[in-house]
Amino acid sequence: MTNTGKSQLTRRQFGWAALGVGAAGALGLGWAAVEEPRWRRKRQYDAAVQPGVTGANSLEAHAAARGLLYGAAVDPGLLDVEGVAKGHSTDAYTHAVAAQTGILVPENAMKWQALRPTADSFDFTQADRLMRFARLTGKRVRGHNLCWHEALPGWFWGTANKENARRLLSDHIRMVAGYFRGQLQSWDVVNEAIWPQDGREDGLRTRPWLELIGPEYIELAFRAAAEADPQTKLVYNDYGIETEQPEEVQKRAQVLKLLHRLKDRGVPIHAVGVQSHLAAAGQQPGAGLQSFIREVGAMGLEVYITEMDVNCRGLKQGPAGRDAAVAEVYGNYLDLVLAEPNVPMVLTWGITSAHCWTNQLDQRIQRWADFARQRPLPFDDDFNPTPAFWRLRGALDGRNRE
Ligand code: G3I
């Protein structure tokens, strides 16, 4: 059992102090225990490199002008929270996030792997750091994620079994959703539960939650989240449902069936996250996604663009051509989805190629032929706006909100 600060709790401690700790965390006291993370890359902010893209020219401002939210996935360990608290940060990543976003999502800080050092303890240090930054900069936050087959801590695989899995999942959700009660715009409650390749008629992924609990784990997760935090919108989030490639059409149809089953059972769900990890090469999203968004809207659900980035796998163009191809996808895709009234927000999965999963060494995303880094986001390694920035901002402007 570890307890070196308010952000680290055992299950028992959380029981009597849920609100207290939540408040303490809300006041930012919890982050006091944070060990200063190893900075992966600290860069000085240089206002000159970002002409005409901040303030009224930012993605946040252009989104807000149309009643939309733009945001990004962030790594709290890279944010200069202390500098922001003192009213002055010189860090480029911190400036970009603060200047451009209206809503944040933790890339990893609210996953089981980050929150659960042991089966009997919680560590909210990094998550609290993000929440403090959000309060200091007036940002909304969406949670990611309460139930997923990835990012499970090592102890999980030797601990979870058919007898305890229901309690393990519901306890986790009640503790975590309870800790952030009333502080989040939404939660990705269940992430990526559809995987037709597992061969089930309902298209559900088998490992680990379905094998341990059965298909009802999805309803269990949503109901536990709703009970722990009735104010936060609850989201089913998935990827690979955007284009007309046969496997994506099949997956999208299974997601739709899952949503209908949940709604028919009165399960509390408010939105669907379409992750939008897109490729500049190959077939692009179109009428099938548009129909999906409209059918989801007819069910009374919103659609969030939750993790957008555009990779360059397979493109033969040079750097400028690749940037242009990425920007084209941002413009065309967002024109398509933002034309739908039940799409209120767009988040990119990171804000700069300097810190993005497609450039993480352990990702199997193919590098360009010249082994250049991917440039899948609104800002590049040097925090210059990419061509994608301008097409993203233009698509936000193009949204005619009634
Ligand atoms: O923090 C540890 C570090 O202490 C350790 O030294 C290092 C050793 O490999 O691992 C670090 O954790 C890594 C973590 O990212 C933080 O960098 C994990 O290994 C790595 O697996 C993890 O990858 C994340 C991945 O989800 C799995 O959780 C990516 O950053 C993140 O971008 C990616 O995001 C997912 C969404 O959650 C769901 N949708 C798809 C999306 C892309 O895969």
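**Close-ups of a predicted model**

The ligand sits in the largest pocket. On a 1 Å grid over the protein atoms alone, a pocket is an open set of points with protein on both sides within 12 Å along at least five of seven lines, and a molecule sits in one if more than half of its atoms lie within 2 Å of its grid points. A few ground rules before the views: this is a predicted model, where local features need pLDDT of at least 70, side-chain atom pairs count only at pLDDT 80 or more, and totals for chains, interfaces and linings use all residues. Residues are numbered from 1 along each chain as its sequence is written, and side-chain values use heavy atoms, with hydrogens and water left out.

View 1. Of the 15 residues around the ligand, E107, K111, H144, E307 and W349 come nearest; being near takes a heavy atom within 4 Å. A polar side-chain atom of H144 is 2.7 Å from a ligand oxygen, while an N or O atom in the side chain of N108 is 3.1 Å from an oxygen atom of the ligand. On its own the ligand has 790 Å² of accessible area, and the protein covers 57% of that (Shrake-Rupley method, 1.4 Å probe).

View 2. H144 belongs to strand 5 (residues 140-147); strands here are DSSP runs of E, at least two residues, and helices are runs of H or I, at least four, numbered from the N terminus. With a relative accessible area of 2%, H144 is buried (buried means under 20%, exposed over 50%, partly exposed in between, using a 1.4 Å probe and protein chains only). Its side chain makes polar contacts with the side chains of D188, at 2.8 Å, and N145, at 3.2 Å. Such a contact is a pair of N or O atoms within 3.5 Å; within protein, one must be able to donate a hydrogen and the other to accept it, and residues adjacent in sequence count only if both atoms are side-chain atoms. What kind of peptide bond joins H144 and N145? A cis one, with omega about -5 degrees. Most peptide bonds are trans.

**View 3. Another cis bond, at P208.** R207 and P208 are also joined by a cis peptide bond, with omega about -15 degrees. P208 is in the loop between strand 6 and helix 9 (209-213).

View 4. N191 lies in strand 6 (residues 186-191) and is buried, at 2% relative accessible area. Its side chain reaches the side chain of Q275 in a polar contact of 3.4 Å. S276 is in the loop between strand 8 (271-274) and strand 9 (277-279). S276 counts as buried because its relative accessibility is 0%. Its phi is positive, about 70 degrees, although S276 is not a glycine.

**View 5. A151 in its loop.** A151 is not a glycine either, yet has a positive phi of about 55 degrees. Look for A151 in the loop between strand 5 and helix 7 (154-159). Most residues other than glycine have a negative phi.

**View 6. R167 and the cysteines.** R167, in helix 8 (residues 165-179), is exposed, with a relative accessible area of 58%. C147 is buried at 1%, and C312 is buried at 1% too.

Note on methods:
On a 1 Å grid over the protein atoms alone, a cavity is a set of points where a 1.4 Å probe fits but cannot get out, and a pocket is an open set with protein on both sides within 12 Å along at least five of seven lines; lining residues have an atom within 4 Å of a point.
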